[in-house]
There are 2 protein chains.
Amino acid sequence: MTYDWTTSGPDLHVALASLGPRHAALEDAVRGAIREGRLAAGTRLPSTRALAGDLGLSRGTVVEAFAQLVAEGYLDARHGAGTWVADLSLAAATAARPLERPRRAPRFSFSPGLPDLTSFPQAAWTSALRQGLRAMSAASLGYGDPRGRRDLREQLASYLGRARGVRADPDLVIVCAGFRHGLSLVARALKAEGADTLAMEDPCAPQHRVVAAGAGLGISPLPVDALGARTDVLTASAARAAVLSPAHQFPTGVVLHRERRAAAIAWATASGGLIVEDDYDGELRYDRQPVGALQALAPDHVVYGGTASKTLAPGLRLGWLVVPPRMLEPIVSMRYGEDVHVPALEQLALCELLRTGGYERHVRRMRARYRRRRDRLLALLAERAPVLAPVGISAGLGVLLELPEGGPTSAQLIEEAARRSIELHPLDPHYRNGRAPRDGVVIGYGAIPEHDFEAALSALGDLLAASLPA
Amino acid sequence: MTYDWTTSGPDLHVALASLGPRHAALEDAVRGAIREGRLAAGTRLPSTRALAGDLGLSRGTVVEAFAQLVAEGYLDARHGAGTWVADLSLAAATAARPLERPRRAPRFSFSPGLPDLTSFPQAAWTSALRQGLRAMSAASLGYGDPRGRRDLREQLASYLGRARGVRADPDLVIVCAGFRHGLSLVARALKAEGADTLAMEDPCAPQHRVVAAGAGLGISPLPVDALGARTDVLTASAARAAVLSPAHQFPTGVVLHRERRAAAIAWATASGGLIVEDDYDGELRYDRQPVGALQALAPDHVVYGGTASKTLAPGLRLGWLVVPPRMLEPIVSMRYGEDVHVPALEQLALCELLRTGGYERHVRRMRARYRRRRDRLLALLAERAPVLAPVGISAGLGVLLELPEGGPTSAQLIEEAARRSIELHPLDPHYRNGRAPRDGVVIGYGAIPEHDFEAALSALGDLLAASLPA
């Protein structure tokens with residue numbers, strides 16, 4: 001007997017013994033695969049017709065084998081729905097393992113790092129994707145430029161120029177998998193050219209310290225005060241590169257003061273240093289004219305990094321760098337030997353959203369929504385927790401609440417919040433030594449679904465009124 | 001005057017001077033942005049109404065400013081379609097740069113690394129995505145597990161078990177951006193734990209040597225003969241890890257002989273070595289029962305790597321690893337500090353395609369199509385180039401043609417092909433020293449669009465008949 005695996009290969013890897021009745025050989029092979037765990041419970045088997053064709057058996061032989069395996073409890077036949085691998089563990093009570101109980105999610109999450117995921121523009125995204133697919137050439141689905149599609153880079157350069165004042169040449173735009181990925185690429189390129197430390201704001205996003213460590217770089221902490229990061233100390237330091245979030249420092253929300261901006265640029269131009277500008281929420285500002293990107297002041301010394309994680313969703317894993325010419329080749333080479341580029345279909349969809357203005361429409365809608373939330377939160381705090389003075393309120397998705405003397409610690413407040421099914425985040429882990437000079441919590445007002453926001457606020461108000469000194 | 005950037009922020013970064021008439025301040029700002037290149041030619045400006053609202057100006061002021069800028073040639077107003085930044089370079093002939101002329105693509109590409117991109121199942125993919133989006137929870141769009149979604153890993157584990165005989169625990173599946181990305185993750189994890197060389201088949205895909213170099217690993221070449229890679233020499237080598245393509249060696253197409261499979265497993269288990277199994281085209285086999293994955297023989301010593309690049313499209317940047325338990329933590333940590341995970345929407349779509357059987361349906365359709373092509377190609381070669389003995393014909397998307405003595409060199413043949421607008425690929429670069437022991441070309445029959453295949457074959461036949469000795 002020859003097996004014809006070709007015309008409609010079964011995608012079921014079974015090796016049939018060459019002796020004995022064919023139905024028994026098939027039974028043995030399937031039984032073995034199930035016992036060894038290669039065919040998992042719930043797997044749907046090919047139809048008897050397809051399998052018979054694939055294995056060069058008669059259909060009757062396969063039907064017979066399946067019937068036997070159903071009788072033995074290895075397979076489940078659901079009338080008209082096909083044949084499935086049975087869950088043997090249900091049958092064998094002795095094999096039962098205790099179920100892992102998932103941690104119950106809190107009712108209200110004030111996570112500072114997330115936008116409202118329920119507001120992701122699903123319809124606009126899928127329609128942009130469909131449109132992008134329709135307009136593309138088939139070559140778009142092959143291996144492409146590690147920087148991303150040319151048309152997307154042009155759209156991004158244009159958008160970043162008008163929305164954030166970035167000086168962006170499409171040739172120097174690199175589409176990447178979110179800011180964290182961009183930072184990792186830059187950090188590893190710096191390491192490869194001999195750098196050993198990276199100056200980073202302290203506090204900052206703790207994951208960014210993980211990125212630096214992953215790249216093999218030490219961290220030189222840059223304190224943050226009311227004027228933003230202490231860029232004035234860079235000149236005296238040995239740092240060759242610094243990560244800054246000038247538009248809206250994370251997590252303090254401070255806008256980098258113009259003297260500090262000037263100091264950063266002066267350091268970079270005089271010493272040949274590199275600034276990595278983390279513009280994670282540059283589009284989300286509420287009260288005043290936005291601060292333009294630092295990058296525009298010294299494009300040869302600043303890597304600009306932006307992301308769709310706050311404007312659309314982190315799950316997209318989409319971000320972008322605008323790099324100085326000298327950084328282009330090292331990063332492109334690196335990606336050629338790693339992920340190659342961001343998926344073509346995501347690029348097509350984002351390009352289309354930018355081209356049609358759909359991206360900016362969404363940003364404007366979300367900006368208005370987040371501003372309303374911010375205003376509601378500030379009003380609530382003034383009413384129910386007047387002892388607090390919220391910090392960093394002009395932009396972004398969160399505020400910092402420093403806790404007053406004589407009240408609960410952040411750990412106590414977070415514990416009481418958890419009892420009320422409210423998730424709050426401490427300030428401490430944002431500091432390199434794990435300890436904020438002044439105890440506090442970071443309140444994210446973006447993560448909560450719109451329909452739940454008033455209820456969440458009210459629960460937060462009750463918590464704070466009950467916990468804080470008057 | 002206060003600027004309200006909030007309710008419908010302009011996404012146009014202009015800083016208005018605080019003195020002088022408002023329309024003049026706006027003109028200056030826009031003019032400056034265009035001159036400095038921050039507003040690129042072709043950029044669409046916000047509507048006068050939106051911009052007026054954003055800047056706290058009267059609409060008349062904005063209309064006046066725009067009219068002035070149109071008169072000066074900075075802007076183009078297209079009736080009813082909005083206002084755009086004009087192409088100043090067209091106006092200024094002195095600034096004209098010579099246009100880059102793109103290299104003309106050949107009429108017929110026999111690239112060995114690509115599937116037929118025109119066959120990408122666009123409708124199935126977008127409908128799977130829509131379905132996946134409908135069924136997901138909003139949290140799916142947040143930061144997720146670096147390995148990928150649990151449901152996708154379960155689908156992959158089940159699919160790989162039945163289609164390729166892989167022993168896959170969903171906990172040990174890592175969704176990544178194609179095989180190259182997976183190899184990079186493994187190579188860098190090995191480097192971090194002290195490895196300094198990687199044994200690699202010689203010949204192999206040249207990009208994989210770039211990956212090894214990018215990870216800081218040296219390469220220990222593993223010769224390939226008629227039985228496949230010389231895994232029998234591993235024991236005598238210092239290698240701690242080896243990359244193999246056992247099901248269908250690239251580019252020779254040899255299937256690893258069972259003794260060589262046994263030798264590889266014996267080496268790995270005795271020495272604690274790690275095998276990285278490149279199963280790049282494991283689903284595409286034509287003549288015989290497929291060789292199951294090597295991984296099933298020693299799951300604790302083999303990283304299995306697969307990809308959607310040949311079954312769907314490389315542009316998706318989707319692949320998967322099944323790793324031994326000890327490799328899980330290092331790779332997950334690495335990704336936490338880099339790309340975090342593969343985009344959520346791609347994961348949703350692939351999961352849905354696997355769940356509904358759409359993925360396997362597509363694989364079967366393409367397998368049948370590629371087999372027909374392979375058969376047509378072999379028939380053509382027998383007729384028009386009988387001097388050739390094609391190698392590696394049982395699977396995949398390509399065959400190796402070793403060139404006979406007394407005929408053209410591969411360089412000559414490729415040059416003649418290019419004259420006829422046919423793209424052929426030399427065997428040489430697949431070898432580490434850039435020189436094949438026997439000169440040849442690798443013919444990929446996957447890349448050509450279906451409708452063009454007969455014409456491509458006929459052109460290839462003419463080329464070979466004209467170039468080769470009888």
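The structure is a predicted model.

A pair of aromatic rings is described by two values, the distance between the centres and the angle between the planes. Over all chains, six aromatic pairs are counted. One of them joins Phe250(A) and Tyr280(A), with 5.7 Å from centre to centre and 85° between the planes. This pair is edge-to-face, because its angle is over 60 degrees. Phe250(A) belongs to the loop between strand E8 (241-244) and helix H9 (258-271) of chain A, while Tyr280(A) belongs to the loop between strand E9 (274-278) and strand E10 (302-307), so the pair ties together parts that are 30 residues apart in sequence. Phe250(A) counts as buried, at 18% relative accessibility, and Tyr280(A) counts as buried at 11%.

In chain B, Phe120(B) and Trp125(B) form a tilted pair, with 6.0 Å between centres and 50° between planes. Both Phe120(B) and Trp125(B) are buried.

Together the two chains bury about 7,200 Å², of which 56% is on carbon and sulfur atoms. Two salt bridges cross this interface, including one between Glu338(B) and Arg188(A), at 3.9 Å from N to O.

The charged end of Arg180(A) lies over the ring of Tyr336(B), 4.7 Å from its centre, and that of Arg180(B) lies over the ring of Tyr336(A), 4.8 Å from its centre.

How values were computed
Residues numbered from 1 in each chain as written. Chains lettered and ligands numbered in written order. Predicted model: local features only at pLDDT ≥ 70, side-chain atom pairs only at ≥ 80, totals over all residues. Heavy atoms only, no water. Phe/Tyr/Trp six-rings, centres within 6.5 Å; stacked < 30°, edge-to-face > 60°. Helix = DSSP H or I, 4+ residues; strand = E, 2+ residues; numbered from the N terminus. Buried < 20%, exposed > 50% of the residue type's maximum accessible area, 1.4 Å probe, protein only. Lys NZ or Arg CZ within 6 Å of the ring centre and 35° of its normal. Buried area = accessible area lost by both parts, 1.4 Å probe. Salt bridge = Lys/Arg side-chain N within 4 Å of Asp/Glu carboxyl O.
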